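Hi everyone, thanks for making time for this one. Please have a look at the chain on the screen, and I'll talk you through a few places in it.

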Amino acid sequence: MSQRVRSIEESREKVVRLGKRLSMLFAALLVADCVAAVAFVAFVAFVAAGLLEGSDGSGALGQGSSFIPVLAAFVTVGAVLFELRLIARDISKDSSPFTAAHARRIKVIGWVFVANALVELLASPGFAAVILGPFEFVVQPSASVDFPVLPVDVGAIAAAIVSFSLSAVWRYGSLIQSQVDDLV
């Protein structure tokens with residue numbers, strides 16, 4: 001066996017081991033995310049019902065203003081971990097990392113980040129103020145002008161751009177992989 005073939009084989013074995021470890025890590029993190037999401041929803045329900053000592057349900061979480069974005073963050077993290085676990089599991093089964101299916105999964109991750117950014121924007125009080133703002137002068141002509149702040153999740157948008165870019169690179173890698181497989 002030549003040195004190059006031996007090096008490729010060792011590298012493949014390392015990637016398979018890494019896939020197994022990452023699959024277990026992503027599964028554990030997904031379970032932790034689900035547990036944290038359930039605990040968060042239970043906490044908000046207790047606050048809203050006034051069951052916690054000293055709470056009257058009127059806090060920021062009780063009003064629901066930050067409930068939706070926080071819940072969206074839990075769902076986003078869970079969806080990303082789920083997709084990453086599936087990719088790692090495929091790799092742990094000695095599948096090539098560069099497949100069209102993995103490219104699609106990475107693109108799904110990008111869309112999850114886009115959805116999270118949109119949910120945060122649409123659920124923000126500033127968004128409602130921008131939509132309803134022009135009509136406020138009809139109801140209250142002497143109302144003071146407040147300029148609403150729209151929360152743009154730059155991190156989610158950047159993560160989406162990176163995911164879409166990686167998806168394109170992965171798709172190209174899968175095409176090259178299929179050409180190499182056809183030659184061998």
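**A helix pair, some salt bridges and a pocket**

Let's start with two helices: α2, residues 67-92, and α3, residues 100-122, pack with their axes 9 Å apart and at an angle of about 175 degrees. Axes here are lines fitted to C-alpha atoms, for helices over the stretch in contact, and angles run from 0 to 180 degrees between N-to-C directions. So α2 and α3 are roughly antiparallel to each other; the cut-offs are over 145 degrees for roughly antiparallel, under 35 for roughly parallel, 65 to 115 for roughly perpendicular, and oblique for the rest. The residues of that contact divide into 16 nonpolar, 3 polar and 4 charged. For those classes, Ala, Val, Leu, Ile, Met, Phe, Trp, Tyr, Cys and Pro count as nonpolar, Asp, Glu, Lys and Arg as charged, and the others, Gly among them, as polar.

A quick word on what you are looking at. This is a predicted model, where local features need pLDDT of at least 70 and side-chain atom pairs count only at pLDDT 80 or more, while totals for chains, interfaces and linings use all residues. Residues are numbered from 1 along each chain as its sequence is written, and side-chain values use heavy atoms, with hydrogens and water left out.

Now the overall layout. The chain has 5 helices and 0 strands, and from the N terminus on its elements run α-α-α-α-α. Helices (H or I, at least four residues) and strands (E, at least two) are DSSP runs, numbered from the N terminus. Of the 184 residues in the chain, 24% are buried. Buried means under 20% relative accessible area, exposed means over 50%, and partly exposed is in between, with a 1.4 Å probe and protein chains only.

On to the charges. Side chains of opposite charge can pair when their charged atoms come close. A salt bridge here is a side-chain nitrogen of Lys or Arg within 4 Å of a carboxyl oxygen of Asp or Glu, and by this rule the count comes to 3.

Which residues are linked in a network of salt bridges? They are E9, R12 and D94. E9 pairs with R12, their closest N and O atoms being 2.2 Å apart. Both lie in helix α1, residues 3-49, and they sit 3 residues apart, about one turn of the helix. E9 is partly exposed at 31% relative accessible area, and R12 is partly exposed at 32%. R12 also meets the side chain of D94 in a salt bridge, at 2.7 Å from N to O. D94 lies in the loop between α2 and α3 and R12 in helix α1, so this pair ties together parts that are 82 residues apart in sequence.

At 42% relative accessibility, D94 counts as partly exposed.

The remaining bridge to show you joins E83 and R105, with closest N and O atoms 3.0 Å apart. It links distant parts of the chain, E83 in helix α2 and R105 in helix α3, 22 residues apart. E83 is buried, with a relative accessible area of 12%, whereas R105 is partly exposed at 25%.

Next, the largest pocket. How much space lies in it? About 340 Å³. A pocket is an open set of points on a 1 Å grid over the protein atoms alone, where a 1.4 Å probe fits and there is protein on both sides within 12 Å along at least five of seven lines; lining residues have an atom within 4 Å of a point. Grid points are joined across faces, edges and corners, and the volume is the space filled by probe spheres set on the points. The lining has 18 residues, of which L84, I87, I91, I106 and W170 lie nearest the centre. Helices α1, α2, α3 and α5 (154-183) each supply at least two residues of that lining. By class, the lining has 16 nonpolar, 2 polar and no charged residues.

Let me finish with two pairs of positions. V162 is in helix α5 and counts as partly exposed at 48% relative accessibility. P69 is found in helix α2 and counts as buried at 18%. From C-alpha to C-alpha, P69 and L118 are 9.7 Å apart in space and 49 residues apart in sequence.
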